[in-house]
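Thank you for sending this model; my remarks follow as numbered points, which can be read beside the sequence and the coordinates.

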Amino acid sequence: MVKQCMLTHKKSNNGYRISHSHVRTKKIQNINLQTKKIWSYKKNRWIKIRICTKAMKSLYKLKI
């Protein structure tokens, strides 16, 4: 399964890990994915989705 948010479609980010001697090695910055049960009004049942915490914060803010 892809490490991707189901609502915002965010994925992991590439970056560099820099040592004290300034040697750069590649690293992956993963997003903070959480499994959440959300009530679906269209399907009239609970659905389980994997969303990032940024999307979770906007869900609580919009009160969907």
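1. A strand, as the word is used in this note, is a DSSP run of E that is at least two residues in length, and strands are numbered from the N terminus. Ser40 lies in one of these, strand β3. Please keep in mind throughout that the model is a predicted one.

2. Strand β3 covers residues 33-40 and strand β4 covers residues 45-52, and the two run antiparallel, joined by 8 bridges. Together β3 and β4 make a hairpin with 4 residues between them, and in that turn Asn44 has a positive phi of about 60 degrees. Elsewhere along the pair, Leu33 stands opposite Cys52 of β4.

3. Returning to Ser40, is this residue buried or exposed? Its relative accessibility is 12%, and because buried means under 20%, Ser40 counts as buried. Leaving aside residues up to four places away in sequence, Ser40 touches Arg45 and Ile47.

4. The largest nonpolar core has 9 residues, namely Cys5, Leu33, Ile38, Ile49, Ile51, Cys52, Ala55, Met56 and Leu59. As a general matter, nonpolar side chains in soluble globular proteins tend to be buried together.

5. On the aromatic side chains, a search of the whole structure finds 1 aromatic pair. Trp39 and Trp46 form this pair, which is edge-to-face, with 5.5 Å from centre to centre and 75 degrees between the planes. Trp39 is partly exposed, with a relative accessible area of 32%. The ring of Trp46 also has the charged end of Lys37 sitting over it, 5.8 Å from the ring centre. In another such arrangement, the charged end of Arg24 sits over the ring of Tyr16, 5.5 Å from its centre.

6. Thr8, in the segment before β1, is partly exposed at 39% relative accessibility. Thr8 and Lys54 are 46 residues apart in sequence, yet 8.9 Å apart in space, C-alpha to C-alpha. Thr8 touches Cys52 and Ala55, again without counting residues up to four places away in sequence.

7. Most residues other than glycine have a negative phi. His9, which is in the segment before β1, has a positive phi of about 60 degrees although it is not a glycine, and it is exposed, with a relative accessible area of 52%. His22 is found in the loop between β1 and β2; its phi is near 65 degrees, again a positive value, and at 53% relative accessibility His22 counts as exposed.

Methods: Residues numbered from 1 in each chain as written. Predicted model: local features only at pLDDT ≥ 70, side-chain atom pairs only at ≥ 80, totals over all residues. Heavy atoms only, no water. Pairing = 2+ DSSP bridges. Core = buried A, V, L, I, M, F, W, Y, C linked by side-chain atoms within 4.5 Å. Buried < 20%, exposed > 50% of the residue type's maximum accessible area, 1.4 Å probe, protein only. Contact = heavy atoms within 4.5 Å. Phe/Tyr/Trp six-rings, centres within 6.5 Å; stacked < 30°, edge-to-face > 60°. Lys NZ or Arg CZ within 6 Å of the ring centre and 35° of its normal.
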